Amino acid sequence: MEQDLASLAAAVAELKGSVAATNGTFSETFYFLTIPLMVLIHAGFLAYEMGASRSKNALASGIKNILAFALIVPFFYFIGWWIYWAFPTGLSLSEGAMGISGLAYANDVALPWSQYMGPNLDDRSSGVFWGAFVLFAATTASILSGGVIERIKLTGFVVLAIVLGSFVWILAAAWGWHADGWLVTKFGYHDFGAAGVVHMIAGFFSLGVIINLGPRIGKFNADGSANNIPGHSMPMTLIGLMLIIAGFWGFLMGCVIVPGEAWSWGTEIEATIYGTPMTISGMTFNTLMGFSGGIVGAWMITRDPFWMMSGALGGIISCAAGLDLWYPPMAFAIGFIGAVAMPFVASFIEKRGIDDAVGAFAVHGFLGMWGLLAVGIAAQGYPALFGEDVIETSFMGQLVGVVVMGALGFVPGYVISWLLKVTGQLRVPKEAELLGLDAVKVPASAYPEAIHPSVSPAE
Amino acid sequence: MEQDLASLAAAVAELKGSVAATNGTFSETFYFLTIPLMVLIHAGFLAYEMGASRSKNALASGIKNILAFALIVPFFYFIGWWIYWAFPTGLSLSEGAMGISGLAYANDVALPWSQYMGPNLDDRSSGVFWGAFVLFAATTASILSGGVIERIKLTGFVVLAIVLGSFVWILAAAWGWHADGWLVTKFGYHDFGAAGVVHMIAGFFSLGVIINLGPRIGKFNADGSANNIPGHSMPMTLIGLMLIIAGFWGFLMGCVIVPGEAWSWGTEIEATIYGTPMTISGMTFNTLMGFSGGIVGAWMITRDPFWMMSGALGGIISCAAGLDLWYPPMAFAIGFIGAVAMPFVASFIEKRGIDDAVGAFAVHGFLGMWGLLAVGIAAQGYPALFGEDVIETSFMGQLVGVVVMGALGFVPGYVISWLLKVTGQLRVPKEAELLGLDAVKVPASAYPEAIHPSVSPAE
Amino acid sequence: MEQDLASLAAAVAELKGSVAATNGTFSETFYFLTIPLMVLIHAGFLAYEMGASRSKNALASGIKNILAFALIVPFFYFIGWWIYWAFPTGLSLSEGAMGISGLAYANDVALPWSQYMGPNLDDRSSGVFWGAFVLFAATTASILSGGVIERIKLTGFVVLAIVLGSFVWILAAAWGWHADGWLVTKFGYHDFGAAGVVHMIAGFFSLGVIINLGPRIGKFNADGSANNIPGHSMPMTLIGLMLIIAGFWGFLMGCVIVPGEAWSWGTEIEATIYGTPMTISGMTFNTLMGFSGGIVGAWMITRDPFWMMSGALGGIISCAAGLDLWYPPMAFAIGFIGAVAMPFVASFIEKRGIDDAVGAFAVHGFLGMWGLLAVGIAAQGYPALFGEDVIETSFMGQLVGVVVMGALGFVPGYVISWLLKVTGQLRVPKEAELLGLDAVKVPASAYPEAIHPSVSPAE
């Protein structure tokens with residue numbers, strides 16, 4: 001019988017290994033799958049921005065977008081990932097309470113010569129986490145990319161995209177989207193779906209840039225009134241926006257910590273990045289309801305398909321900070337309210353002479369802010385962190401987060417674009433803008449033959 | 001030794017928890033992933049329908065499609081999901097043999113104030129199941145959407161889409177796509193991939209609507225002969241159809257019940273929604289073979305890329321009811337036969353003065369029917385339900401299903417569109433149709449500058 | 001106590017079943033998901049090729065692509081899959097050391113009447129593996145498809161696509177992408193991500209075809225200098241290429257063997273198809289870095305968005321053979337170098353009077369080759385197979401692989417296209433080419449009404 005017991009113990013040990021292997025492969029695959037889904041966001045942004053440009057600028061808009069994605073990857077490898085782990089507690093490089101931050105920790109896990117920064121048979125998470133973060137980073141650059149089309153210089157854009165994607169947003173993530181982040185540990189800041197650290201940061205950064213960049217020629221009349229400068233293909237823009245919606249689900253998967261691994265928060269169910277328990281199932285209700293509220297709200301105000309699809313994004317962004325928490329009809333309402341306000345915000349900044357070509361500030365900056373405040377209003381009192389007796393979310397905490405995110409986005413965007421402006425690297429010459437960026441800068445034609453009626457078919 | 005035994009028992013208990021956690025997270029993720037894939041169906045439908053419209057109506061077609069998706073979400077949340085659980089046994093609200101239907105059950109799981117209808121740490125399935133069903137619902141509306149382009153009024157369309165997506169198809173699903181459904185328990189109806197409850201319902205509903213809606217101006221000549229009214233961008237339509245094919249795999253995942261959960265049918269392998277065992281692997285063989293047969297069949301008859309890609313969809317739809325059962329070369333044959341018949345069906349209804357702009361009835365209505373009958377012909381005798389000594393599939397059972405699905409789709413489509421017609425809410429005024437819906441209804445332009453030849457590039 | 005032990009043993013046995021079920025469903029789903037992702041590759045190729053064609057040929061390019069995909073499915077079912085299992089040891093049909101090859105094995109698992117070639121409740125892997133391979137096969141045909149647009153005859157193309165997709169590449173895979181493959185067992189050939197067996201084969205096959213096919217009318221002037229023949233929609237091409245990038249992640253998943261199944265190589269972590277351990281996480285680092293290096297390299301040389309996105313593909317292809325092995329900054333460098341060379345290769349073959357319309361040889365043939373050699377240079381000494389004391393990768397082994405892949409691709413492509421040429425089945429008549437293939441062959445119009453400026457909207 002002793003023998004039976006020993007063999008049973010061996011069987012249990014072996015089984016334990018199998019269970020760990022299954023959970024490990026599943027977890028790795030989970031984050032891996034966020035990447036192709038988020039590449040769809042980029043296919044979507046590419047279509048969206050080219051369609052939203054006049055045909056004389058379509059390829060220049062595309063190049064900008066593709067190049068930003070490409071350049072963020074190595075910058076995020078060499079620097080961005082290290083920033084995320086080094087700075088949660090502020091700028092002091094000290095270690096936080098959870099022990100997953102600070103100089104020593106960052107040097108251990110995120111320096112380019114760390115064993116975790118490449119293939120390693122003992123590590124099945126770093127690459128896929130890093131990859132998901134890279135795609136988040138590229139998303140911030142794509143948000144910027146939309147607002148500045150048709151007149152930004154490629155050099156200037158690339159600098160701004162790298163700063164935003166590899167430094168600014170990831171510092172925001174260290175502060176507000178990390179269990180050791182000071183906004184979380186000190187103020188109970190809750191931002192499940194990155195409404196602040198991705199959307200607000202990118203939206204406010206864009207606003208800072210657009211102010212220095214100035215409006216497109218012809219956008220404003222002498223009396224200050226604005227003209228509509230429609231892009232050359234609204235169908236392309238709409239299809240692109242729906243592809244972004246498909247990819248958004250991958251973005252949201254990237255906001256979830258699955259259970260059962262050494263780095264997991266829980267043993268049984270999913271958690272937010274702060275370690276508070278949540279379920280993918282609950283998030284699904286709220287994402288669809290926010291999406292729906294956003295479209296319906298934008299439709300009621302504008303009847304315009306561009307704003308309807310922007311409202312689809314905007315509805316999800318409005319709910320993003322609390323997708324783990326909302327009662328679904330509430331998510332509908334929050335998305336609806338956000339989307340109703342969105343066109344007025346766009347119009348408000350346009351009236352101030354700011355030419356945000358696709359409403360990047362209204363959709364991402366403003367609605368990210370709205371979503372954070374909505375958590376402060378409707379979800380205060382929820383624990384903000386893993387564990388017992390932890391700090392709770394509060395309106396004040398969310399408000400502090402909003403101020404920090406707004407400033408952390410806006411100031412670098414404004415300052416760096418101002419520096420680029422005074423050094424002549426921000427905006428293309430007037431002649432290039434009038435002729436079209438493609439003709440001046442791109443050794444290829446968007447539509448070399450026009451689209452003429454097809455010859456009658458054979459039958 | 002007693003101690004050893006106790007510690008081993010504890011280890012086993014802990015392990016059991018780990019196994020349950022892994023299976024639970026995987027299962028939840030499985031259904032979650034159906035959603036971004038099915039959003040691709042909607043990106044595809046958007047491209048498909050805008051491309052199939054003349055450019056003067058492109059955005060109106062898109063708006064229709066986006067808005068229907070958005071409005072179905074809350075209606076399905078508040079009502080549709082409850083219908084699915086309440087009505088399987090007919091209209092009596094009684095509980096079925098499996099105990100997962102009827103008034104009490106539906107009130108428990110699907111009323112908007114139920115604990116299952118929002119984030120709930122003890123429930124990792126309701127949201128993702130509901131989400132997958134919402135996307136199915138939106139698909140029914142998109143099927144309708146294609147047939148009625150270029151002349152339907154938005155109000156009328158929205159009413160019809162909500163009725164179809166939140167009431168009609170889900171009642172059909174309760175009856176024929178639920179283990180307590182009376183078509184299943186009484187007639188052994190087998191419809192694994194929703195050939196009847198999604199495709200036939202939507203196709204026959206569309207037919208009912210199109211009859212009342214009437215043909216587009218210019219579709220028929222005075223002598224009754226038909227003109228072809230091609231859409232403005234066949235490439236956009238074809239790309240859209242291929243995106244629908246990508247998304248179709250998510251739709252089919254949503255037809256599978258994975259094992260190992262409290263709500264699962266089995267402990268070891270996947271099951272259909274009826275609880276009969278099947279494998280995703282087997283379904284994969286048949287899906288690809290049906291897809292292939294559909295393209296080849298349509299190509300041989302038409303040589304037309306629109307029908308080839310419709311045949312790709314149609315081939316899968318033809319096999320859908322029995323994707324769990326076919327021998328793969330048989331799936332090829334069934335898809336092939338369906339796709340060969342498809343253009344004749346389209347032509348048949350066109351000759352009767354019915355203007356189904358994209359062949360919605362031929363592809364979805366007719367081929368869904370063909371698929372159900374094919375199961376009756378070639379797969380009779382398979383058990384139709386979970387358990388021992390259960391009812392079997394039969395030709396008669398499938399035929400009953402076909403009659404019910406046809407009637408349940410057609411009658412509401414016909415009656416409601418007739419009511420909309422007599423109240424003047426079904427069709428846009430003649431002037432609007434001639435000028436183009438975009439010019440009259442949409443505060444945006446599809447192609448504001450035409451696509452003119454690009455200026456010669458710099459190099 | 002004996003009773004306790006027995007009940008514990010029973011609990012362990014039951015648990016073992018649960019673990020196996022979870023791992024099995026996950027593994028099956030893992031490969032299943034490669035398929036919708038790879039269908040995105042085909043949606044991407046469809047957009048890419050139609051956009052790269054002049055509008056007079058757009059639909060003909062699309063038809064070609066759709067039909068090749070469709071026809072490869074049954075050919076791969078009836079023959080291709082059997083070839084993969086029959087021929088690893090060469091052409092002798094003998095069994096290899098791993099015991100998973102040769103005539104008997106192939107007859108057992110891959111004949112169309114085998115129990116593994118259809119739904120089978122005891123087999124949850126064959127269909128999804130087969131499906132992933134079918135999508136690989138269809139990808140080879142799509143690579144060919146791009147180079148031959150605007151003048152190939154559909155009959156000829158279809159024959160070539162079937163030969164490439166159902167015979168040639170799968171023989172290459174048997175030899176070099178199978179643990180019993182003679183290139184692997186005798187030469188230590190390492191080709192994790194199918195750089196040779198998919199990309200080189202398809203690129204060299206295409207080159208052979210294009211030589212016989214000849215250049216498009218107007219491509220070369222009397223003095224031998226080349227003209228650029230741009231496609232009608234560069235935006236469509238770019239969006240298509242980004243969709244291919246999204247789908248590429250599914251392709252790479254299909255190169256991984258997950259652990260824990262009877263057919264797995266390992267019990268704990270993933271392996272290459274050769275059984276050498278690797279992680280999805282490590283592959284993710286390298287895929288993103290290679291992608292980035294490719295775009296940046298192509299941008300620096302060309303500034304052309306078409307080459308930038310081709311460089312995105314090309315960067316991943318350059319790294320593909322060693323995605324399991326690279327240090328990520330090395331992957332960036334390999335992708336960068338490949339993409340820098342790529343336009344020169346394209347230009348080199350163009351100077352020889354070869355009209356490879358989209359650079360299929362440069363991107364797939366040349367960069368696949370570069371990737372294989374890079375493994376020989378930088379990763380020599382890694383074990384090439386599962387187990388102890390196994391053969392190692394080496395420069396010579398990779399070089400042998402390159403020669404074999406080049407010849408195995410080029411010779412059939414050249415010979416069969418030559419046969420088609422002499423029998424008049426390779427190229428359309430001159431008149432058809434001048435008028436446009438769509439007008440002559442396709443009973444549908446790409447853009448029947450041109451894209452004219454939209455009428456002013458209502459508001």
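This is a predicted model: local features need pLDDT of at least 70, side-chain atom pairs count only at pLDDT 80 or more; totals for chains, interfaces and linings use all residues.
1. Contact between chain A and chain C. On the chain A side, 75 residues take part, and they touch 80 residues of chain C. Putting these two chains together buries about 6200 Å², and 79% of that area lies on carbon and sulfur atoms.

2. Charged and polar pairs between chain A and chain C. The rule finds 1 salt bridge across this interface. A:Arg124 and C:Glu270 form a salt bridge through their side chains, with N and O 2.2 Å apart. The interface of chain A and chain C also has 11 residue pairs in polar contact, where both residues have pLDDT 80 or more.

3. Which parts of chain A face chain C. Helices α1 (2-52), α2 (58-86), α4 (126-147) and α8 (234-253) of chain A each bring at least two residues to the side that touches chain C. Of the elements, α1(A) gives the most, with 25 residues. Sorted by class, this side of chain A holds 54 nonpolar, 15 polar and 6 charged residues.

4. Contact between chain A and chain B. Here chain A supplies 80 residues and chain B supplies 75 residues. The buried area is about 6200 Å², with 79% of it from carbon and sulfur atoms. Within chain A, the residues that lose the most area to chain B are A:Leu5, A:Met242 and A:Phe285, which together make up 10% of what that side buries.

5. B:Arg124 and A:Glu270 form a salt bridge, and their closest N and O atoms are 2.2 Å apart. A student tracing chain A can therefore look for A:Arg124 in the salt bridge with C:Glu270, and for A:Glu270 in the salt bridge with B:Arg124. Between chain A and chain B there are 11 residue pairs in polar contact, both residues being at pLDDT 80 or more.

6. Which parts of chain A face chain B. Two or more residues come from each of α1, α8, α9 (280-302), α10 (305-320), α11 (328-351) and α15 (437-441) of chain A. By class, the side of chain A that touches chain B has 56 nonpolar, 15 polar and 9 charged residues.

7. Elements to follow in both contacts.

Note on methods. Residues are numbered from 1 along each chain as its sequence is written. Chains are lettered from A and ligands numbered from 1 in the order in which they are written. Side-chain values use heavy atoms; hydrogens and water are left out. Contact means heavy atoms within 4.5 Å. Buried area is the accessible area (1.4 Å probe) that two parts lose on being put together, summed over both. A salt bridge is a side-chain nitrogen of Lys or Arg within 4 Å of a carboxyl oxygen of Asp or Glu. A polar contact is a pair of N or O atoms within 3.5 Å; within protein, one must be able to donate a hydrogen and the other to accept it, and residues adjacent in sequence count only if both atoms are side-chain atoms. Helices (H or I, at least four residues) and strands (E, at least two) are DSSP runs, numbered from the N terminus. Ala, Val, Leu, Ile, Met, Phe, Trp, Tyr, Cys and Pro count as nonpolar, Asp, Glu, Lys and Arg as charged, and the others, Gly among them, as polar.
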